[in-house]
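Let me put the structure up, and then I'll walk you through the parts I'd like you to look at.

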Amino acid sequence: MAQANKLAQLVQKHEQDVLKNWLGQQLSAVTRRADLMKESELQSQSRQFLQSFVGALQTNPDNIDDPAWSPVKEFLEGVWRSRAVQGFSPSETASFVFSLKQPVFEVTRLELDAQEFAKEIWQVTNLLDKLGLYTTEVYQKSREAVISRQQQELMELSTPVVQLWDHIVALPLIGILDSARAQIVMENLLQKIVDTEALIAIIDITGVPTVDTLVAQHLLKTVSAARLMGADCIISGIRPPIAQTIVHLGINLTEIITKATLADAFAVALQRTGAKVTRDSVNH
Amino acid sequence: MERIPILKMGKFLLVTIQVDMHDQLALTLQDDLTNRIVNDHAHGVLIDIASLEIVDSFIGRMIANIVGMARMLDAETVVVGMRPAVAITLVELGMTLSGVRTALNVDNGMAMLNASLQRQGA
């Protein structure tokens, strides 16, 4: 504890020098992005970080998981967020912490003898490395959050159910149909059947690149579930290669009405619901 | 004793299942329904399961059985009002109830029965 206090005292005593050196470091570094951030902003960020760093150092110098370090971590997260918005790369942001090493070494070297110096150096290196890695972790987490949110959005976006006519809904499927998506597709379709009192549901697979046994299984399940709700399903948009694959795989779709195009399926649906589309004699 | 009510609506019978089914209740329902079909000369049965939130393979089998029995007695059965979640569960259980006619709600089911009755008459 006493040693740590010594480090804290040293940094506190030479705070101005450390800050000046550190700023110099950051300003001259190759990772400096003058285009993205003003010098004054950098200065205030650096000062705040140094103050909270010293504060935490005085309480618990060894373990950055200690609550004493949470202000430092929070501050870093804030820095991180603002820099991510400004367009900094992860290494550019991590070097914010790493570049503090040299100025701290500098003041420690001036004040301490060789043995103590080595000890303090080890400690401060250790701490700053951990903090630097922490920023990267935060970065990674925020990225993962973005990715999972986008996945969710993509899933919701990619499964629209549209009403074509009274009691006729269509589900244009686009992209690869995996289990998770098939589940959402099924739920959406069934809910839409309830909402629109649909009697016919057209599943258009024009946009599905490949149909294997698993995809066919999902389709069959969806059709069966829709039938249990009292709606007949028509599968349309079957491209020639897919028709060949389905037959080669031995998948039995004979119990389902299949049509080559959405237009054909729609014609059948209209006929089934008793609706008729006629062409007026056009007067040009 | 607990019973599931069977209502007569014109030429059809309406069965609304609102409680959890168990063996005895299902047997009683089968008894009652077959008797009523014969006594009332019903030509159609609507089984409304709109308030059923939980299904298992037992209920699936029971519905299939009732449909089979009604068919023997020349009454067509339509299962109506199945919820999306219930439909998904039944499909996942592998019970697609093929051969059982279904409709979204009682209105549609009634229209379906009327249509098939007219076809038969014609």
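Predicted model: local features only at pLDDT ≥ 70, side-chain atom pairs only at ≥ 80, totals over all residues.

Now, which residues of α4(B) are buried? Those are B:Gly109, B:Met112 and B:Leu113. Look down the axis of α4(B) and you'll see that the buried residues fall within an arc of 95 degrees, so they line one face of the helix. Turn to the face pointing away from that buried side, and you get the exposed residues B:Asp107, B:Ala111, B:Ala115, B:Gln118 and B:Gly121.

What do the buried residues of α4(B) pack against? They sit against β2, β3, β4 and β5 of chain B. That brings us to the sheet.

It's an open sheet of 5 strands in chain B, in the order β1-β2-β3-β4-β5, and the pairing is mixed. At the edges you find β1, residues 6-9, and β5, each with a single partner strand, so one side of each has no neighbour in the sheet. On average, neighbouring strands here are turned by 25 degrees against each other, if you ignore direction. As for α4(B), residues 106-121, the helix packs on this sheet, and its direction makes about 160 degrees with that of β4(B).

One bridge to look for is B:Val80 with its partner B:Ala103 in β5(B).

Okay, on to the other chain. How many residues of chain B are in contact with chain A? There are 13 of them, and they meet 15 residues of chain A. On the chain B side, the elements giving two or more residues are α3, residues 84-92, and β5, residues 101-103. The biggest contribution comes from α3(B), with 5 residues. If you sort that side of chain B by type, you get 10 nonpolar, 3 polar and no charged residues.

Of the 284 residues in chain A, 30% are buried. And if you take the chain A contacts between residues at least 6 apart in sequence, 74% join residues at least 24 apart.

That's my tour, so over to you.

Note on methods:
Residues numbered from 1 in each chain as written. Chains lettered and ligands numbered in written order. Contact = placed C-beta atoms within 7 Å. Helix = DSSP H or I, 4+ residues; strand = E, 2+ residues; numbered from the N terminus. Nonpolar A, V, L, I, M, F, W, Y, C, P; charged D, E, K, R; others polar. Pairing = 2+ DSSP bridges. Axes fitted to C-alpha atoms, helices over the stretch in contact; angles between N-to-C directions. Buried ≥ 20, exposed ≤ 12 C-beta atoms within 10 Å, placed from the backbone. Arc of directions from axis to C-beta.
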